[in-house]
Amino acid sequence: MKEFDTIAAIATAVGESGISIIRVSGSNALNIVSSIFTGKDHRDLKDIKPYTMRYGHIIDKETSEKIDEVLVSYMKGPKSFTAEDSVEINCHGGIISTNRVLEQTIKAGARIAEPGEFTKRAFLNGRIDLSQAEAVIDLIRAKTELSMKSALMQSEGRISKEINSLRNKLLGTIAHIEATVDFPEEDLEEITSNRVINNLEEILKDIEHLLNTANEGKILREGLNIVIIGKPNVGKSSLLNALLMEKRAIVTDVPGTTRDVIEEYINLDGIPVKIVDTAGIRETEDVVEKIGVEKSKEKINEADLIILMLDLSRELDSEDKEIIEYIKDKKYIVLLNKTDLIRKLQNESIKDLKNIIEISAKTGIGIEQLKLKVKDLFFSGEIKTTEVIITNSRHKEALYRAKERCAAALYTLTSGISIDLASIDVRSAWIHLGEITGETLDEDIIDKIFSEFCIGK
């Protein structure tokens, strides 16, 4: 256990609510809270049994004025979130009452916690590793149930288990190499080399399997960025409304109605999606609309997926062809809208396009097919929630570095170069994997990770 000063923070969202919670953690937590607490039965709070609650009031130490009616709970370390003594004050929700209770806690000797400091203490005290700590903020920020399930698996140590297994295999490999180098008279180099090659090939397969989940994981964690494009009045805003199941975008027959980029968040069968309705891309003299068109092009370049809408009731024109040319090398779906009208668009004119779906944004025809196509493009048709998924870009980077070093060691061994040189790369791979769980990570990077947390967590 590390020694820290005692910290306090509001752990619930500040505003009008039934209950607010002030969290206090540190070796002096119980003494601090007991100095500003008076129980209804006048018992000393220091006598409270761990994992029980006590009813009473928080008071102003200087004036003995009652601040708020509260329930106080006590968790004794190491069996607490931070692995140190923790006290939680449950007071009435409300900005004034909550802040006044926190103020008395600070006056009594605690200090305001930094962002993520409670979770950081749990990590530094060895209760959780770094990947589990990062999963805490992912749980808080989860936008869909699938995002939450993925974060929960990580918080329970599923990724840590996989990474620790790989590191143990690498450690065994290093031991084999060093034993061979230390006892050259045994003439084991060829046998060890073959064994290490087999081990590294297996480890590389395991790392590659984890990396293959990273793109799906990034989407579950951060959301999928979809941009709807097409020339004016093709039905982009109607599609947005159909996906949102409500009228959020203005729909008219007048070209150029959408002058700016409209962004909305939706839950697409468990996939968090930021969907962007862009201004129609066309040549225009209108200054405001021209700015909207430029913004549309920026969003296209940032998108994970582009939805190109074409009007079935009109033949392709130069504006359509210009847009098609602009997105041809990107990941896209083509929606042929207005199936409820007479078809004039010729199949021959779109024969080079792929992922084509006929829809009616007005009636909802084809919307479900669109959702299935999105899942097919990014999740191979099925979102797996039972297997380990790499959702964190930092973890992905560490896995790539470990893969590179394992591949370098494998090349050294298969090229007939001295076996002891391979151990340098294997050890480097072991260090890179340790960055995921926090065992081999610089303190500055750890501080940066926790600085992105909210205060009180």
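These legends walk through several close-up views of the structure above.

The model is predicted, so local features need pLDDT of at least 70 and side-chain atom pairs count only at pLDDT 80 or more, while totals for chains, interfaces and linings use all residues. Residues are numbered from 1 along each chain as its sequence is written, and side-chain values use heavy atoms, with hydrogens and water left out.

**View 1. An open sheet of 7 strands with mixed pairing.** Follow the strands in the order β3-β4-β5-β6-β2-β1-β7. Strands (E, at least two residues) and helices (H or I, at least four) are DSSP runs, numbered from the N terminus. The edge strands, β3 (37–39) and β7 (111–112), each pair on one side only; two strands pair if DSSP finds at least two bridges between them. Strand β1 (residues 7–10) and strand β2 (residues 19–25) run antiparallel and are joined by 4 bridges. Look for I7, whose bridge partner in β2 is S25.

View 2. Contact here means heavy atoms within 4.5 Å. Angles run from 0 to 180 degrees between N-to-C directions, and axes are lines fitted to C-alpha atoms, for helices over the stretch in contact.

View 3. The peptide bond from G77 to P78 is cis, with omega near 5°. Phi of S64 is near 65°, which is a positive value in a residue other than glycine.

**View 4. An open sheet of 6 strands, again with mixed pairing.** The strand order is β9-β10-β8-β11-β12-β13. At the edges stand β9 and β13 (356–358), each with a single partner strand, so one side of each is left without a neighbour in the sheet. From one strand to the next, the twist averages 25°. Strand β9 runs antiparallel to strand β10 (residues 271–277), with 7 bridges joining them. In β10, I271 is the bridge partner of L268.

**View 5. The second largest cavity and its lining.** The structure holds 2 cavities of 30 Å³ or more. On a 1 Å grid over the protein atoms alone, a cavity is a set of points where a 1.4 Å probe fits but cannot get out, and lining residues have an atom within 4 Å of a point. The second largest cavity has a volume of about 40 Å³, the volume being the space filled by probe spheres set on the points, which are joined across faces, edges and corners. Its lining is made of I226, L243, I266, L268, I275, I307, L370 and V374. Both β9 (262–268) and α12 (367–379) give two or more residues to this lining.

**View 6. Helix α4 meets helix α14.** The axes of α4 (residues 130–141) and α14 (residues 419–437) come within 5 Å and cross at roughly 40°. That makes α4 oblique to α14; angles under 35 degrees count as roughly parallel, over 145 as roughly antiparallel, 65 to 115 as roughly perpendicular and the rest as oblique. In the contact, L130, S131 and E134 of α4 meet E435, I436 and T437 of α14.

Conventions: 1 Å grid on protein atoms, 1.4 Å probe; cavity = no way out; pocket = protein on both sides within 12 Å on 5 of 7 lines; lining within 4 Å.
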